[in-house]
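Biologist: Please take me through how to read a few features of this model.

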Amino acid sequence: MGFLKKLVNWSRLKSPWILHFNTGACNACDIEIIAALTPRYDLERFGVQLKGTPRHVDILVCSGPITRQTADRVIRIYEQMPEPKLVVAIGSCATSGGIFDGCYNVEHGIDSVIPVAAYIPGCPASPKAIIDGIVKLLKSMEEKEKSS
Amino acid sequence: MHDNMEIPVGPQHPALKEPASFRLSLSGEKIMQASVRLGYNHRGIEKACEERTYIQDLYLIERICGICSHAHSTAFAQAVEEIAGVNLPKRAAYIRTLVGELERIHSHLLWLGVAGHEIGFDTLLMYTWADREIVMDILANVTGNRVNYGINSLGGVRRDISPEQVRQIAKAMDALEERTKYYIELASVETTLINRLSGVGVMSKKDVLRLGTVGPTARASGVARDVRKDDPYAAYAEINFNVVTDNHNDIYGRTIVRLGELMESFNIIRQVIKNLPDGPIAVKVARKIPSGEAVSRYEAPRGEDLHYVKANGTESPERVKVRAPTLANIQSVAFMLEDRYLADMPIVVAAIDPCFSCTDRSIAIKDAEGKGKKKKIVDWESLRLHGIEWYSKQGIDFTALNKRFKR
């Protein structure tokens with residue numbers, strides 16, 4: 001493995017930057033994601049930072065079932081992200097469509113459109129669950145890097 | 001002279017927490033024209049409601065919006081209870097009021113943080129969201145979930161409140177009141193906050209009435225319109241509280257109104273837990289609701305939430321219609337943005353506390369000119385008169401209200 005690749009991997013493990021995109025959620029998971037980033041839960045202690053543009057981020061955090069309107073937008077955002085990239089689906093709707101499964105304007109979860117690395121269920125996923133999911137994802141990334 | 005420049009903002013944009021798209025026509029730094037495009041969050045809830053039973057709908061309706069979920073589920077439950085002719089037990093009405101006000105506290109604290117974030121005052125975001133966790137703990141304790149409480153059922157509520165919980169709520173209210181007093185002081189002395197918010201997003205009383213704005217956005221322009229006072233539901237008829245208004249007409253006024261409403265909410269919650277009546281928390285409602293229709297209003301943290309339910313005697317409704325407060329307010333955003341600077345755009349949008357997942361309903365007009373139907377466009381004035389007539393038939397008199405809003 002080249003030095004540059006090692007550096008990229010080290011930095012994305014120590015400080016993964018995330019982008020939050022609401023793909024048609026009811027806001028509940030979104031406020032829990034923000035709650036996870038604010039002082040009580042403080043996701044930033046794992047180096048996680050919320051960023052504004054897909055071109056700067058390692059992890060795309062999606063909440064909500066994919067509506068037909070957001071489906072091609074989320075693909076465009078995913079394509080704009082630099083490699084290596086991961087997607088986290090937060091909430092029951094993002095994992096499977098949840099309560100909205102079967103609605104005429106809703107697809108079945110994020111993985112029907114883009115590949116997903118981690119699923120965090122819950123309606124809404126609590127900040128504790130979000131932290132647990134993100135930490136497990138980071139750990140699996142670390143193990144994958146060690147084995148390669 | 002240079003041509004206007006078109007800038008699209010959204011659906012993914014750092015200033016927007018939800019997908020919505022704004023198209024701004026700029027001349028230099030000034031916004032000449034703004035148009036809003038909605039519909040990214042449209043999931044088809046109203047249609048889905050027709051395919052499910054009333055009990056299932058209650059949970060689906062709750063997930064229209066996660067921030068004011070109690071507002072939606074209560075409004076829907078009230079409409080169904082009205083059709084079924086159910087008398088809500090008093091204790092249930094008080095618990096609904098309690099959860100509604102706790103929700104208002106969490107929503108207004110959330111707004112204050114988001115507003116701070118939009119003007120680059122991230123310290124305020126971290127402060128308010130840390131304080132918001134106090135009320136989130138109480139909500140989790142009382143209802144069992146932090147968001148999407150699921151406390152309503154048709155004919156009452158699902159969980160009772162124990163004396164131990166009452167003590168915890170009283171303690172939390174004291175802690176939150178102290179913090180809110182600090183924010184009120186901050187809003188009155190902090191020059192950066194005052195200078196950044198004053199004179200931005202100005203909307204006069206006349207414009208508020210013309211554009212049909214609701215909630216704190218309207219109350220910040222001196223329109224004392226509040227469903228809790230005008231058409232009391234749940235336990236509000238038995239509670240003393242003031243409708244907070246302000247005459248700044250701008251975003252600073254909206255901040256003051258929301259902070260004032262926080263203080264009123266503490267006051268309401270103290271009265272609720274003090275006068276909590278004994279008795280059952282729910283009555284049984286039949287699975288099949290008799291045919292009929294009802295309109296229910298609820299003062300959500302963002303303004304008046306309106307639900308219409310039409311029942312046809314089966315287990316599921318024939319039609320459910322939701323008019324969320326943001327739909328009433330979104331027109332005013334385009335108005336407030338015009339002739340303002342581009343840098344004001346995030347805070348002007350955030351100032352109405354937009355909730356696009358509430359707003360994204362859709363209407364399809366079929367066969368307007370089809371067989372046997374005559375196309376008829378109802379103008380605003382005749383629609384207004386029809387509304388007054390319809391309500392007076394129901395025994396509600398609006399003349400008292402009209403006197404208050406004399407233009």
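Biologist: Which strands does α2(A) lie across, and at about what angle to β3(A) does α2(A) run?

Modeller: This is a predicted model, in which local features need pLDDT of at least 70, side-chain atom pairs count only at pLDDT 80 or more, and totals for chains, interfaces and linings use all residues. Residues are numbered from 1 along each chain as its sequence is written, chains are lettered from A and ligands numbered from 1 in the order in which they are written, and side-chain values use heavy atoms, with hydrogens and water left out.

Modeller: Helices (H or I, at least four residues) and strands (E, at least two) are DSSP runs, numbered from the N terminus. Axes are lines fitted to C-alpha atoms, for helices over the stretch in contact (heavy atoms within 4.5 Å), and angles run from 0 to 180 degrees between N-to-C directions. Here α2(A) lies across β1 (17–22), β2, β3 (59–63) and β4 of chain A, at about 140° to β3(A).

Biologist: In what order do the five strands of chain A form the open sheet?

Modeller: Two strands pair if DSSP finds at least two bridges between them. The order is β2-β1-β3-β4-β5, with parallel pairing.

Biologist: Is A:Glu32 buried or exposed?

Modeller: Buried means under 20% relative accessible area, exposed over 50%, partly exposed in between (1.4 Å probe, protein chains only). A:Glu32, in helix α2 of chain A, is buried because its relative accessibility is 1%.

Biologist: Which side chain does that of A:Glu32 join in a polar contact of 2.8 Å?

Modeller: A polar contact is a pair of N or O atoms within 3.5 Å; within protein, one must be able to donate a hydrogen and the other to accept it, and residues adjacent in sequence count only if both atoms are side-chain atoms. The partner of A:Glu32 is B:Arg146.
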